Amino acid sequence: MVRLHVKRGDESQFLFDTTVTTPVDELVKQITDIYNGRLKVDRICSEIGELAEHGITLPPNMQGLTDEQITDLKLKDEWEDKCVPSGGSVFEKDDIGRRNGQAPNENMKQVLKKTVEEAKALISKKQAEANVCVTMEMVKDALDQLRGAVMIVYPMGLPPHDPIRMEFENKEEISGSHAGQLVIEEPEAQLWWAGKELLRKQKLSDFVGKNEKTKLIVKIQKRGQGAPAREPVVSEEEQKKMMLYYHRRQEELKKLEEDDEISYMNADWSDSHALKRQFQGVKDIKWRPR
């Protein structure tokens, strides 16, 4: 198997196993699906964190309004009575007025938070450090865990306008947002290796050869952004080791130089009175007190 370390820019994303016989077109689709799937999990986890603290999202026409303004405008959230968390709710006001403030009780809140931690760990960038590959099955598993936790806490479901439900139904509205800029649509996706674009009409072996026992760093980006920066010849970790070795070597040379100076001062030929003692016949006299 060929192991790919997928990055975007200089930022590590995940490890992915494939073969040299895989068509690049198929490879791009597989990697893009995982890349975008991980982003979806992150977005849902972020929203579930807010759900646990402040309850369901208000309709767009009610967000940011005070209770008095909602009353004056005769606005009412028809889903507020339907979407009641299991075990009752605790009022936690949302200062930005985006959610209704009817948060789940402490037990249900912990269900949501624990599931978020587990889902994040499943598709975390730390998996690459642990030499664990991320698959689309792992991404789907994380989504299923999150969906299950929301159903436990909100058995009646979330309102159609809630971003968590929209994410689960693939109806999310993220265009124009920072989250939307991170997404790479599959037709626009490119993979680069060693400063070369992996062309879709070819196989991976056309670029890296037929050796299956290979590890490559590939970079994913949107079409039209040009070639990404190439990986440094020396990694950051190797550079630290080299600097440490250089520092130690400098200290060793400095110590040797000091030792040479001491030896020089103790040498016979450096003694200015050696000739005088030789003529007086007192050279190499040794004595010890009785």
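**Figure 1. Contacts across the whole chain.** Among contacts in the chain with a separation of 6 or more, 69% come from residues 24 or more positions apart. The model shown here is predicted. Its chain has ten helices and seven strands. Of the 290 residues, 36% count as buried.

Figure 2. Let's start with the length of α1, which covers residues 24-54.

Figure 3. Is Asn36 buried or exposed? Its relative accessible area is 17%, and because buried means under 20%, Asn36 counts as buried. To find its partners, set aside the neighbours within four places in sequence: Asn36 is then in contact with Val183 and Ile184. Asn36 itself belongs to helix α1.

Figure 4. Helix α5 has 18 residues and reaches 26 Å from its first C-alpha to its last, close to the 26 Å expected at 1.5 Å a residue. Which residues of α5 are buried? They are Met138, Val139, Ala142, Leu143, Leu146, Ala149, Val150 and Val153. These residues cover an arc of only 140° around the axis, so they sit on the same side of α5. Turn to the face pointing away from that buried side and you will find the exposed residues Glu137 and Met151.

**Figure 5. What the buried side of α5 packs against.** The buried residues of α5 have several partners, and α1 is one of them. Helices α3, α4 (126-129) and α6 (163-168) also pack against these residues, as does strand β4 (102-104).

**Figure 6. The pairing of α3 with α5.** Here helix α3 (residues 106-122) packs with helix α5 (residues 136-153) at an angle of about 175°, and their axes are 9 Å apart. That angle is why α3 is described as roughly antiparallel to α5. On the α3 side, the residues that meet α5 are Met108, Val111, Leu112, Thr115, Val116, Glu118, Ala119 and Leu122. The α5 side brings Met138, Asp141, Ala142, Gln145, Leu146, Ala149, Val150, Ile152 and Val153. How many residues of this contact are nonpolar, polar and charged? The contact of α3 with α5 divides into 13 nonpolar, two polar and two charged residues.

Notes:
Residues numbered from 1 in each chain as written. Predicted model: local features only at pLDDT ≥ 70, side-chain atom pairs only at ≥ 80, totals over all residues. Heavy atoms only, no water. Axes fitted to C-alpha atoms, helices over the stretch in contact; angles between N-to-C directions. Helix = DSSP H or I, 4+ residues; strand = E, 2+ residues; numbered from the N terminus. Parallel < 35°, antiparallel > 145°, perpendicular 65-115°, else oblique. Contact = heavy atoms within 4.5 Å. Nonpolar A, V, L, I, M, F, W, Y, C, P; charged D, E, K, R; others polar. Buried < 20%, exposed > 50% of the residue type's maximum accessible area, 1.4 Å probe, protein only. Expected span 1.5 Å × (residues − 1). Arc of directions from axis to C-beta.
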